[in-house]
Amino acid sequence: MSVSLHTPDINRTSLPRISVPPQDNIPYIIEANPRASRTVPFVAKAVGHPIAKYASLIMSGKTLPEIGLTEEPLPTNHVAVKEVVIPFNKFPGCDTLLGPEMRSTGEVMGIDATFAGAYAKAAIAAGLRLPKSGKVFITMTDKHKADIVPIAKMLVSLGYGVVATGGTHKALKDAGVAAEKVFKIHEGRPNVMDMMRNGDIKLIMMTSSGDKYDLSDGKDLRRLAVTNSIPSVTTIAGCKATAEALKAMSTGPLVQTPIQDYFPDYYDDSVELIFQQK
């Protein structure tokens, strides 16, 4: 995640962006930029305030009370989701597992009354072809097998078929989730890559174990997903959000609402503030 904040303790007026990814539930700071050039525009659109203009006014000598920003503005009737655009198809041979490297070439924003709807819009805008039906391939590392069960149950309840490799299939079966068992790549054929090439798999949910098979077979599978434009989700949090998005899509078409309609009382008085005398 990224956090934008003021830093009065170091005598600096700015909006730095701090990247704080979690590892085993422990947050680590891996990056701190003295600017937030992509975060600020997103936040401005999400809360309906011209944050960049506020910053310019403060640099010119105005105070927060003078510009009317004395408390943190928060969305009240909507949720905004920022999604990165990563053109993995432009990086031949590159694995699609997420890491600390900066690979994104842009970002998109989804906004809706619910998180599920906002995430669905953001995912679609980022180029993910979320399916409305078909089979979902699921393979999880051991620590995520229990977490995927409720997600798989939701998918089945929405009418999706579930295909899983041995260990994940057993975990789902033991939890009462109907699933089709399929070979891993090194186990023989027909395997999941055959199903992908035949167009049988419409969505992939997988987490990496990091073992030798994942470094070879898993990477080949993820690359084939990119080649065949099959959306691939590689984190449990992403799997849950994607399932919620599919559920939102199943209730009807996503409503496209102009962003101005979320802020009917918005008025930008920054120009007037610029010419106000102290």
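**Reading a sheet and its helices**

A: Let's start with the sheet of this predicted model: 5 strands make an open sheet, ordered β10-β9-β8-β11-β12, with parallel pairing. Helices (H or I, at least four residues) and strands (E, at least two) are DSSP runs, numbered from the N terminus, and two strands pair if DSSP finds at least two bridges between them.

Q: Which strands stand at the edges?
A: Strands of a sheet pair through backbone hydrogen bonds, either parallel or antiparallel. Here β10 (180-181) and β12 (232-233) are the edge strands, each with a single partner, so one side of each has no neighbour in the sheet.

Q: Over how many bridges do β8 and β11 pair?
A: Strand β8 (residues 135-139) and strand β11 (residues 201-206) pair in the parallel sense over 5 bridges. T139 has M206 in β11 as its bridge partner.

Q: Which strands does α9 lie across?
A: Helix α9 lies across β11 and β12, running at about 145 degrees to β11. Axes are lines fitted to C-alpha atoms, for helices over the stretch in contact, and angles run from 0 to 180 degrees between N-to-C directions. Contact means heavy atoms within 4.5 Å.

Q: At what angle do α4 and α9 pack?
A: Two packed helices are described by the angle between their axes and the distance between the axes. Helix α4 (residues 115-125) packs with α9 at about 100 degrees, the axes being 8 Å apart. These two helices are therefore roughly perpendicular; angles under 35 degrees count as roughly parallel, over 145 as roughly antiparallel, 65 to 115 as roughly perpendicular and the rest as oblique.

Q: And how do α5 and α9 run relative to each other, parallel or perpendicular?
A: The axes of helix α5 (residues 145-157) and helix α9 (residues 236-250) come within 10 Å and cross at roughly 15 degrees. They are therefore roughly parallel to each other. On the α5 side, the contact includes D147, I148 and M154, while α9 contributes residues including C239, K240 and A243.

Q: How confident is the prediction, by average pLDDT?
A: pLDDT is the predictor's confidence in each residue, from 0 to 100. The protein averages 84, and 86% of the residues score at least 70. Over residues 1-7 the pLDDT is below 50. Where pLDDT is low, the predicted coordinates should not be read in detail.

Q: What conventions apply?
A: Residues are numbered from 1 along each chain as its sequence is written, and side-chain values use heavy atoms, leaving out hydrogens and water. Local features need pLDDT of at least 70, side-chain atom pairs count only at pLDDT 80 or more, and totals for chains, interfaces and linings use all residues.
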